[in-house]
Amino acid sequence: MNTNKTYARIPQEFGNLSTSKIVVIPVPYDGTSTWQKGADKGPQAFLNASENMELYDIETDSEVYKEGVFLADAITENTSPEAVVEAVHQETKKYINRNKFVTVFGGEHSISIGTIRAFSECFNDLTVLHIDAHADLRKEYEGSKCNHACAVYEANSTTNLVQVGIRSMDISEKRTMNTDKVFFAHEMAVNEDWMEDVIDQLGKNVFITFDLDALDPSIMPSTGTPEPGGLFYYETLEFLKQVFEQKNVVGFDMVELCPNENEKSSDFLAAKLFYKMLSYKFASNDDDYDNGEESSLEKNSKISKFKNNDYEF
Ligand SMILES: [Mn+2]
């Protein structure tokens, strides 16, 4: 996949690992989805759409790709859900330990078990902000703990899990769920303060796991399980912008794009949303990042911890 290409066809000088602040790891995996298959095609559709984006972000007046975006090799492990989770865990951790802002594009949601495990090992007091139509709190599903329906079961006990946009779940998940930290879609629809209320539940270090089916199917039809009553584009952007401004977002993943040959707007939405999140992350700081070469990072740091819009060495 795209071995000779850069993310979004950015010039090679902005796509080298050593000088890039951002890493994108594609995970084309769809072993456990239960309805429409095709999330394994998500990363390629996302990358194709990204190549057709204009890279100046009007709202933030920035060109975030100039921070450097390294497109990692896709994780092609697919022998079992457990092996995929472990591969994602190790790859994610590898780049976090190189002081990169790590992002992962799936694939179905089970891959997030691996990304979240890596982030919770590397960052203190991690909050996982889970944006999704589904609660994903099953301990086990169809014989595996690494099923997409279990995506945040582990995070629920290892991190401060905050769930937003939820509108579909099994009654058994109520037992696991911390209702103070769950924002159901039907309640958000009548609570004009929901963004503030969510942000009040977040700690300082936040990892975002963004399941695209959180969005309304009218704007994001290309997903495996489109649920009515989802988030719209501008409210999503406003919310994310506030999170990036007020919290130290340490990384994110985006999952469940299930591309449709005849419907490209979902691919493009995913590409733009992803780029927006990078723009929010890097535009708000005064660029006091250390933009040093990797060798100096390695000398000074064994473990990566991001502070507010800054790296700590
Ligand atoms: Mn979902």
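**Figure 1. Strand E3 in the predicted model, covered on both faces.** Six of the six residues of E3, which spans residues 101-106, are buried, so the strand is largely enclosed by the rest of the structure. A residue counts as buried here if 20 or more other C-beta atoms lie within 10 Å of its own.

**Figure 2. The partners of strand E3 in the sheet, E1 and E8.** Strand E1 (residues 22-27) pairs with E3 in the parallel sense, over six bridges. Opposite Gly106 of E3 stands Val27. Strand E8 (residues 248-255) also runs parallel to E3, and four bridges join the two. Thr103 has Phe252 of E8 as its bridge partner.

**Figure 3. The open sheet of eight strands.** The strand order is E2-E1-E3-E8-E7-E4-E5-E6, and the pairing is parallel. Strand E2 (69-71) and strand E6 (182-184) form the edges, each pairing on one side only. From one strand to the next, the twist averages 15 degrees. One of the bridge pairs is Ile22 with Val69 of E2.

**Figure 4. Helix H3 lying across strands of the sheet.** Helix H3 covers residues 111-122 and lies across E1, E3, strand E4 (126-131), strand E7 (205-211) and E8. H3 runs at about 165 degrees to E8. The loop between E3 and H3 contains Gly107; the loop between H3 and E4 contains Asp125.

**Figure 5. The packing of helix H1 against helix H8.** Two packed helices are described by the angle between their axes and the distance between the axes. For H1 (residues 42-50) and H8 (residues 265-283), the angle is about 75 degrees and the axes are 8 Å apart. Angles of 65 to 115 degrees count as roughly perpendicular, and H1 and H8 are therefore roughly perpendicular to each other. H1 contributes Ala45, Phe46, Asn48, Ala49 and Ser50 to the contact, while H8 contributes Asp267, Phe268, Ala270 and Ala271. By class, the residues of this contact are six nonpolar, two polar and one charged.

**Figure 6. Backbone geometry at Gly106-Gly107, Arg9 and Asp125.** Most residues other than glycine have a negative phi, and most peptide bonds are trans. The peptide bond from Gly106 to Gly107 is cis, with an omega near 20 degrees. Arg9, a residue other than glycine, has a positive phi, near 55 degrees. Arg9 is located in the segment before E1 and is partly exposed, with 16 other C-beta atoms within 10 Å. Asp125 is not a glycine either, yet its phi is positive at about 45 degrees. Asp125 sits in the loop between H3 and E4 and is exposed, with 10 other C-beta atoms within 10 Å. The limit for an exposed residue is 12 or fewer such atoms.

Note on methods: Residues numbered from 1 in each chain as written. Predicted model: local features only at pLDDT ≥ 70, side-chain atom pairs only at ≥ 80, totals over all residues. Axes fitted to C-alpha atoms, helices over the stretch in contact; angles between N-to-C directions. Parallel < 35°, antiparallel > 145°, perpendicular 65-115°, else oblique. Contact = placed C-beta atoms within 7 Å. Nonpolar A, V, L, I, M, F, W, Y, C, P; charged D, E, K, R; others polar. Pairing = 2+ DSSP bridges.
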